[in-house]
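Please look first at the sequence and the model shown here.

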Amino acid sequence: MAKKQNTPPNRPQQQPAGRPVAAPKQPVQRAAAVPVDTDSSKGFAGKYTDMVLAGVIALVTYLFLLPCMDNKLTNWDDLGYVITNPLIKNQTSEGLSKIFSFGNPLAATVMGNYHPLTIALYWWEYGKVGLEPWLYHFDSVLFHLLVTLAVYGFVKVMTRRTVAAAVAALLFGLHPMHIESVAWVAGRKDLIYGFFFVLAMTTYLFYVRSERKKIMWYVVTLLLFALSLMAKSVGVTLPVVLLLLDYFENRPVAWKDLFKNGNLTSKGTLIMIADKVPFLALSILFGVLSIKAQADIGALGTLDVNFTGIERFALGFYALTTYLWKAIVPVGMTNFYPYPIKEGSLAGVYYVYPMLILALGIALLWFGRKNKIVMFGFAFLVVNLLLLLQFIPVGGAIFSDRYSYIPYLGLFLIAGWFVSNYFESREKQGTGKIVLAATVIYCLVLGGLSNARAKDWYDSVSLWKDNIEKHPTSPVGYFYLGQEYYSRFETAKTPQERQALGDSAFFYFTKSVERKPDYINPIVCIGEYQRSTGQIEAAKKTYLRGMEIDPKNESVYLGLGVVYAIQQKFDSSEAAFRKAVSLKDYYPEGQSNFANFFYITGKTDSALAHYAIAIAQNPDAYIPYMNRGNIYMKQQRWKDALADFDRATLIRPEAGEPFYNRGACYMQLGNQAKANEDIARAKALGYAPK
């Protein structure tokens, strides 16, 4: 039976992509060979097949991901996105407005990213449950299920094949490389951006294929793209993906004759290019904003390791190769993949990977150039990974599981297509059932791996112990594990518990420094631990050592300022604080501590000046408002104090002290009713004035 080229129709009367063309004498047989399809099937089975299949896939995915629901918040970016994020704690319309800050988006960046839609959902969740983790994880699992359903819908619309859609969606829902985006609360942005990204691709197909309502589908696609970008700026690749969809749909343009004699050759070409302009404009806007935000927090670089351009080129292809084989054999997954250890120059083995990818590309062009699904799928993968292959370094990891979240859709689409091919003719359906059964079994194995991987994300201790087990020579896991024990040490309720947690924190900080003697973060933390346990001289020596390693590290001078203040060496303390704030223009923590120094030394005017700077730099920080309010109370500036305590109650509504102090201000201002209300609220929160 003759086969038609693997391209979908551009007009309603054409045969769907890849389906066998019916022989003139066998119309009934052709119809019987077509898989169940809501476009052509009749009766209950045909009408509800997609709904039932998608529901089953979502249910199976949910059951395998149940461990996510028991997980806690971690100390890896969950701190910045949720636990200590002042943007989500301002539960007012003003706070929500500030999250979007369209006029000055850099003022609303979190962890070097502007993704207001993601932060707005955290804001809503915090308003409902505070820092209780269950709702955050429930919403993440829910969003992953929604993306999985969107993948089913996209593949079904694109290929018109139910089997292809089911296989692609099942792979997408159960693949363990996707667990990081689901089990990690801070990974939520992948889910939200991915949801709108996939929907935008689907509505774009409606736009391309429809004869009517084209403007409506175009506008809907553009709006979905904007929502995707507001969840995560990595969605900037969509304009290129739309061009790939144009290629797949064979839009009316002669690709090889795109330019002729310096002029565009057809009206179709002009339309195809013109309808990408608004998408491209949004991509450039969010791309520039993302680079600026990353640069502002110093994320454009690796962990103190410098690689040449050629070395980065080799490492990028090493990462791409890793993504490819992990798509098939997803083992050795962890939350942080360190760069290879570099001694002099990069190991020669890494230069093999560009050649491997080149060979794969040649083979793809040679054997797959006539199959648009294969070409589209691999191009989709590369386009969506290209900005994440660390050719431009961002952060200290060479690759990340979460970066595969949307790119892998290209590979899953290819897999679904080839499995569905067996159901396109009666002769192959027997083999197709065996292939489909094997594929389902493979997906269930992936689900088991996902279930186990989700448990690794239970809390910070399980997460970083898993990382240390898989990368024992990397200093990063030891540092973060030490940091988790240190945070528990600070809130320990018994001396024995405090001792055990403090010892653990110090042990892991030390292990981190052993692996990288100039790793400044654990060195600073060792100094913090020593200072908090009364080892003031040891802390000073640690900070001085840190200053030798990194004389431009503001945290070292900040620590020295605190140590000198404890030793009542106020001149040295002031000099250290002044150096700290001079090293970093945006340093609200340093400004606040400098103000604290002036506060305890009785220099009230200087304290107020630096609190004002700290508040201007971070209007949602708690301590500056509280301390400045206390100064105003001593100066009997009751209205000024009231304003600061009022702000503090919005930032930290779980704290009793700002309510008590606000009540005291109301009392001085003669508003006894509000004073009683606030003091009662403070007592209910467990605050007892000293």
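Helix α10 (residues 188-209) and helix α11 (residues 214-231) have axes that come within 8 Å and cross at roughly 165°. The model is a predicted one, in which local features need pLDDT of at least 70 and side-chain atom pairs count only at pLDDT 80 or more, while totals for chains, interfaces and linings use all residues. Residues are numbered from 1 along each chain as its sequence is written, and side-chain values use heavy atoms, with hydrogens and water left out.

Some terms are needed here. Helices (H or I, at least four residues) and strands (E, at least two) are DSSP runs, numbered from the N terminus. An axis is a line fitted to C-alpha atoms, for helices over the stretch in contact, and angles run from 0 to 180 degrees between N-to-C directions. Angles under 35 degrees count as roughly parallel, over 145 as roughly antiparallel, 65 to 115 as roughly perpendicular and the rest as oblique. Therefore α10 and α11 are roughly antiparallel to each other.

The crossing of α10 and α11 is left-handed (the near helix is turned anticlockwise from the far one by less than a right angle; clockwise would be right-handed). Where the two helices meet, α10 contributes residues including Ile192, Phe196, Leu199 and Tyr207, and α11 contributes residues including Trp217, Val220, Leu224 and Ala231; contact means heavy atoms within 4.5 Å. The residues of this contact between α10 and α11 divide into 17 nonpolar, 3 polar and 2 charged. Here Ala, Val, Leu, Ile, Met, Phe, Trp, Tyr, Cys and Pro count as nonpolar, Asp, Glu, Lys and Arg as charged, and the others, Gly among them, as polar.

A second pair is formed by α8 (residues 162-174) and α18 (residues 408-421), whose axes come within 7 Å and cross at roughly 140°. That angle makes α8 oblique to α18. The crossing of α8 and α18 is right-handed. Among the residues in contact are Val163, Val167 and Leu171 of α8, and Phe412, Gly416 and Trp417 of α18. The contact of α8 with α18 holds 11 nonpolar residues, 2 polar and no charged.

Phe423 is in the loop between α18 and α19 (429-456). Is this residue buried or exposed? Phe423 counts as buried because its relative accessibility is 10%; buried means under 20% relative accessible area, exposed over 50%, and partly exposed in between (1.4 Å probe, protein chains only). Phe423 and Arg161 are 262 residues apart in sequence, with their C-alpha atoms 9.5 Å apart in space.

The protein as a whole has 32 helices and 4 strands. Of its 690 residues, 53% are buried. Among contacts between residues at least 6 apart in sequence, 69% join residues at least 24 apart.

Three further loop residues complete the tour. Asp518 is in the loop between α22 (495-515) and α23 (520-532), and its 38% relative accessibility makes it partly exposed. The C-alpha atoms of Asp518 and Ile549 are separated by 6.1 Å, although the two are 31 residues apart along the chain.

Most residues other than glycine have a negative phi. Gln568, in the loop between α25 (554-566) and α26 (570-582), has a positive phi near 60°. Gln636, in the loop between α29 (622-634) and α30 (638-651), also has a positive phi near 60°. Gln568 is exposed at 60% relative accessibility, and Gln636 is exposed at 58%.
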